[in-house]
Amino acid sequence: MSRIIRTICLGQCFFAWIGALTAQAPQASLPAQSLSHTNAQTPGSGAYQIKVNVTRVILDVVVTDAKGKPVEGLKQDDFKVLEDGAIQPVRSFDAYTAAPVGTLPPPALDLPPNTFSNLALAPPDKPVTILLYDMLNTPQAALPYAHQAMVQFIKSRKISTNIAIFALTDRLHMLQGFTDDETRMMAAIDSKTLKSHTSQLRIADTGADQAALLAPDPAADTTPTQPTVQITSADSILAQLNDAVKSEQEFQDANRIETTVDAFADIARFVASLPGRKNLIWMSGSFPVEIWPGSRPTSAGAGDFNIASRFDSEIRETQEVLKDGRVAIYPVDVRSLQADPQFAVVATAPRLPAKVPIGGGGPPPPPSFGAQEGGEHATMDAIAESTGGRAFYNTNGLQDAMDAAVRQGSDYYTLTYAPTNGKQDGGERKVKVVLSQPRYQLFYRDRYLALDAAHPTPLRPLALDMNMQHGAPGSSELFFEARIVPVGAVMEASPAEVEGLRAFLQTNAKGKRTKITPDQGKVQHYDINLAIIGRQLQMPPTEKGQYATAMRFGLAAYTQDSELLNGTEVSVKNALPPAQYQKIVSEGYHASMLFAVPEEAVSLRIAVRDEIGNRIGTMEVPLPIASPKNNSAAGATTK
């Protein structure tokens, strides 16, 4: 659908929309453009600006006593930080304590009509919690217990916390964005809602149940027979069938691992814009064995390890995203206390080795219950320890485990240091925090990956950035305001607008949940004026004495079900003379857009990103928006 970037103006920032610079863009939606990035400051106009890249490592440390209760009142001198055995000087120290349930939210900003801002007043210290209901890795029999635990957790919260709820099936579903409203959370986890998210990858049973399924049939004939010297045709067919079953199982396991790791990364991007530590409670009933560094044996063996090693690069990237987002994972095994099936009170015939002809195939022996359980627990511990969380397993108190995760993750200390090892080689750095009182237990991220100067992380298109997801928390890395006024009445979309929409959904929004409107769907046009505080932008001088800017603007319209109806994304790069640079610094960077929104849209997501400084600001505005009263200019399309 049509989009016009009409003006980039240098007027007085915030509500003074004076056009000074005009940039015209084609009517059709533009695909995402790849921009070059620079960290160097080049001398220009006889002046020098020096930019020094200094790595900062942020450690969120949870301290608990012998009963698992958070310890408060510690000072910076009580902590000592080591990286690869070398003591690191702590540059900053903060302590955070959760607010009790009932804490009032901050007052809203007093803004003029049709004006919205991502500059919110500072809220009270309220922890951020993400519930991940893992239906992909959980046996069917354990799902009701997990659902009941979620219900009880939401109803009996003791700490005031904003909660977002996700479900993992064959992909990640956001059931509810961040809220502390119990009614909305209960509606999100309604059993009917959850049943609509059925996984095509999830196997019926996992863990010990999977081992039982792979074991020989107890009713099979176990009478010894005369061994055969040569493989018969029947044996050959059986071996081929076993190979096919094994290949299918490996395929399913690989999909589960990839989907689970991608879900962690997407959730971390979803909350990256929020300050402070975030608690991710991962409710699952089976954990892919040895998928995480730290849970793998020193020598590779058969099983999940060989499969997991295929995803080393994806896991490495996910570790970095979790670190940058300050996300601590709390794995919770929803299967509660488990017993070895062979010691079950109700037992069938003993499972004896099945008949396998000499030289024949046959399924590989399943892992023992103890080995499978130990491997899963090692994975849970490794993920928790590497992210600063804690694993909960072998417990019937699922609700207590979830409460403990929130309580421990809401009272913490933040330590920041600049590593003495400044090499940007992408290597792993091991971190250790020592407390002067050794009787306490510490939970923190015990390792991270150094920056890799040879392989910088590319910027994602805004349309695929989790900051643009419907219901995502707003980002305030860049402060901006938007004045949004409807232009005319609702009208039929033109063929050119529909074609532009389809082009956008097939390029920038590929892989997202989208909904294409009918060819003659109705749309409402909005005049959108943006004002960004100029002092936040990185505008390095060029060799010609000018100042470079590289901005990217994104818009997205969503349905109530988080389906993307329409969007646009455009990059604007300029080389500004010194006079215009000074005006942006003092009066702000302005942009004006015209955007066509399908009539059924319920929200408009807006993003502004400084491509050079790699900072983003986002907000979400409810639709429809009425014309301001006594505004004779409403509906005007020119400036």
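Which residue forms a salt bridge with R429? The partner is D425, and the closest N and O atoms of the two are 2.9 Å apart. Before I go on, note that this is a predicted model. The two ends of that bridge sit in unlike surroundings. D425 is partly exposed, because its relative accessible area is 43%, whereas R429 counts as buried, because its relative accessibility is 4% and the cut-off for buried is under 20%.

I will stay with salt bridges for a moment. Side chains of opposite charge can pair when their charged atoms come close. In this model the count comes to 16 salt bridges. I will go through two more of them.

The next one is in helix 7. The side chains of K323 and E320 meet in a salt bridge, at 3.8 Å from N to O. Both residues belong to helix 7 and are 3 residues apart, so about one helical turn separates them. As for accessibility, K323 is partly exposed, with a relative accessible area of 22%. E320, at 18% relative accessibility, counts as buried.

Now to charges on the surface. K67, K69, K158, R390 and R407 form a positive surface patch. Take K158 as one of its members. K158 is located in the loop between helix 1 and strand 9, the strand being residues 162-168. At 65% relative accessibility, K158 counts as exposed, because the cut-off for that label is over 50%.

Helix 1 covers residues 143-155, which is 13 residues. From its first C-alpha to its last it reaches 19 Å, close to the 18 Å expected at 1.5 Å a residue. What is buried in helix 1? The buried residues are L143, A146, A149, M150, V151, F153 and I154.

Next, the backbone. Two residues other than glycine with positive phi are worth a look on the screen. One is D84, with phi near 50°. D84 lies in the loop between strand 4, residues 79-83, and strand 5, residues 86-88. At 46% relative accessibility, D84 counts as partly exposed.

The other is R326, with phi near 55°. R326 is in the loop between helix 7, residues 312-325, and strand 12, residues 327-333. So is R326 buried or exposed? R326 is buried, because its relative accessible area is 16%. Helix 7, as I said, also holds the K323 and E320 pair.

One last backbone feature. Which residues does a cis peptide bond join? The bond joins L623 and P624, and omega is about -5°. P624 lies in the segment after strand 23, which runs over residues 615-622.

To go back to the opening pair: D425 and R429 form a salt bridge, with the D425 end partly exposed and the R429 end buried.

Key. Residues numbered from 1 in each chain as written. Predicted model: local features only at pLDDT ≥ 70, side-chain atom pairs only at ≥ 80, totals over all residues. Heavy atoms only, no water. Helix = DSSP H or I, 4+ residues; strand = E, 2+ residues; numbered from the N terminus. Expected span 1.5 Å × (residues − 1). Buried < 20%, exposed > 50% of the residue type's maximum accessible area, 1.4 Å probe, protein only. Patch = residues over 30% accessible without salt bridge, like charges linked within 9 Å, V, L, I, M, F, W, Y side chains within 5 Å. Areas by Shrake-Rupley, 256 points an atom, 1.4 Å probe, with all protein chains shown as cover. Salt bridge = Lys/Arg side-chain N within 4 Å of Asp/Glu carboxyl O. Lys, Arg positive; Asp, Glu negative; His and termini not counted. Charge placed at Lys NZ, Arg CZ, Asp CG, Glu CD.
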